[in-house]
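Biologist: I would like to go through the labels attached to this model and hear what stands behind each one.

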Amino acid sequence: MHSDLVLWIVIGTALAFDFTNGFHDTANAVAPAISTRAMPPRVAVGLAATLNFVGAFLSLSVAATIATGIVNPDDVTTPIVFAGLIGAIAWNLTTWFFGLPSSSSHALIGGVVGATLAADGTSAVQFSGLLDKVVIPALVAPVLTLVVAGLAILIAYRIVGRQSPGPVTRGFRLGQWVTGSLFSLAHGTNDAQKTMGIMFLALVANGNLQASDDVPTWVVVSAATAIAAGTYVGGWRIIRTMGMRIIKMDPPQGFAAQGAGAAVILSASHVGFPLSTTHVMSGAIMGAGAAKRLSAVRWGVAGNIVVAWVLTLPAAAAVGALTYGVVYAFGENGAGPVVVSAVLLALLGAAFVRRARAQAQAERQAAEPPRDLAMET
């Protein structure tokens, strides 16, 4: 098989991951505004999709980190990138199914690192870059946003505590249009660039570009479009978890959480840290709830989210390594990528058909009259 065909399979898989990133992480941007009724759901996801697209063009620092700061570009091949993407997609779909807001960013990084370790060993992974630019920010970001959001909500309550509830609620709901927009813009500057970095890495591995080249415009446009489309589809299961199950959110809390999250992510994008927007917003929501009172946070739900965070890197790495093993067995530049792609598409198709049948059955049952009534007639 010609290497260019493998490259385009990898590019298509990268855009598929970018789409799953969009619908998986939509909740981060829109859940607070939807849960406080600051925005109608479709308006919220439409605005988030548009600003995700715009944000992808504002900076390329994160793309550079993903492309050159985690693994050695000279040791990476297109099958390695492909296997890493499959690891990330598998984890995204798994956590979406269970409604857990895990990190698409860490799933992508974990998948690529796992595939690289399986192919080339530890020498091809830049562990210092992984620690400094991924692991440490992952630990610091949710704690930082928890504190910032907590302080913000305490200040907000102090300022408006004696005001009439009606105007205060309306004011903060309007404010959520601003902070929600900033968070969506920040999401585009960080998350869309991760796929750009992976696509750039694949082009370098295939010999189309040098590591010192700029990211091509078509890569930026296609990645921005894919994440915007995924955002518009919306991951409604995770939206319910983020917006309703962690805390019962009021408009001031939503305003504080979105504002704190946007500030942290925009700062990280400026210096090239590939932060998890999920970690950031989850920490901000917990902080906004805990500052009001500790019992306002459903700590059991928060604990499940943290477990998903901890498992993301190793789980995606394991799937990436396993996928590379399958690709290698069938031929790296032969049938391997085709076989894995076909199996993944078949599994997704089967899941879609099963879900469609279950939904049709539920609709039929809802339309049927109660059994007692049917017997009487």
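Biologist: Why are H2 and H7 called oblique to each other?
Modeller: Helix H2 (residues 41-55) and H7 pack at about 45 degrees, with axes 7 Å apart. Angles under 35 degrees count as roughly parallel, over 145 as roughly antiparallel, 65 to 115 as roughly perpendicular and the rest as oblique; the pair is therefore oblique. The axes are lines fitted to C-alpha atoms, for helices over the stretch in contact, and angles run from 0 to 180 degrees between N-to-C directions. Helices are DSSP runs (H or I, at least four residues), numbered from the N terminus.

This is a predicted model, in which local features need pLDDT of at least 70 and side-chain atom pairs count only at pLDDT 80 or more, while totals for chains, interfaces and linings use all residues. Residues are numbered from 1 along each chain as its sequence is written, and side-chain values use heavy atoms, leaving out hydrogens and water.

Biologist: What is the angle between H4 and H7?
Modeller: Helix H4 (residues 78-97) and helix H7 (residues 165-205) pack at about 155 degrees, with axes 8 Å apart. That makes H4 roughly antiparallel to H7. Thr78, Val81 and Leu85 of H4 meet Ile198, Leu201, Ala202 and Ala205 of H7, a contact of 6 nonpolar, 1 polar and no charged residues.

Biologist: And what makes H10 oblique to H11?
Modeller: Helix H10 (residues 251-271) and helix H11 (residues 277-292) pack at about 140 degrees, with axes 9 Å apart. That makes H10 oblique to H11. The crossing is right-handed. Among the residues that meet are Gln258 and Gly261 in H10 and Ala284 and Lys292 in H11; the contact has 8 nonpolar, 5 polar and 1 charged.

Biologist: How many cavities of 30 Å³ or more does the search find, and what makes a space a cavity?
Modeller: There are 2 in the whole structure. On a 1 Å grid over the protein atoms alone, a cavity is a set of points where a 1.4 Å probe fits but cannot get out, whereas a pocket is an open set with protein on both sides within 12 Å along at least five of seven lines; lining residues have an atom within 4 Å of a point. The second largest cavity holds about 40 Å³. H1, H2 and H7 each supply at least two residues of its lining, which includes Ala29, Leu47, Ser184 and Gln258.

Biologist: Which elements give two or more residues to the lining of the second largest pocket?
Modeller: The second largest pocket has about 260 Å³ of space. Its elements are helix H1 (3-35), H4 and helix H12 (299-367). The lining has 9 nonpolar, 3 polar and no charged residues.

Definitions and conventions
Contact = heavy atoms within 4.5 Å. Nonpolar A, V, L, I, M, F, W, Y, C, P; charged D, E, K, R; others polar. Points joined across faces, edges and corners; volume = space filled by probe spheres on them. Left-handed = near helix turned anticlockwise from the far one by under 90°.
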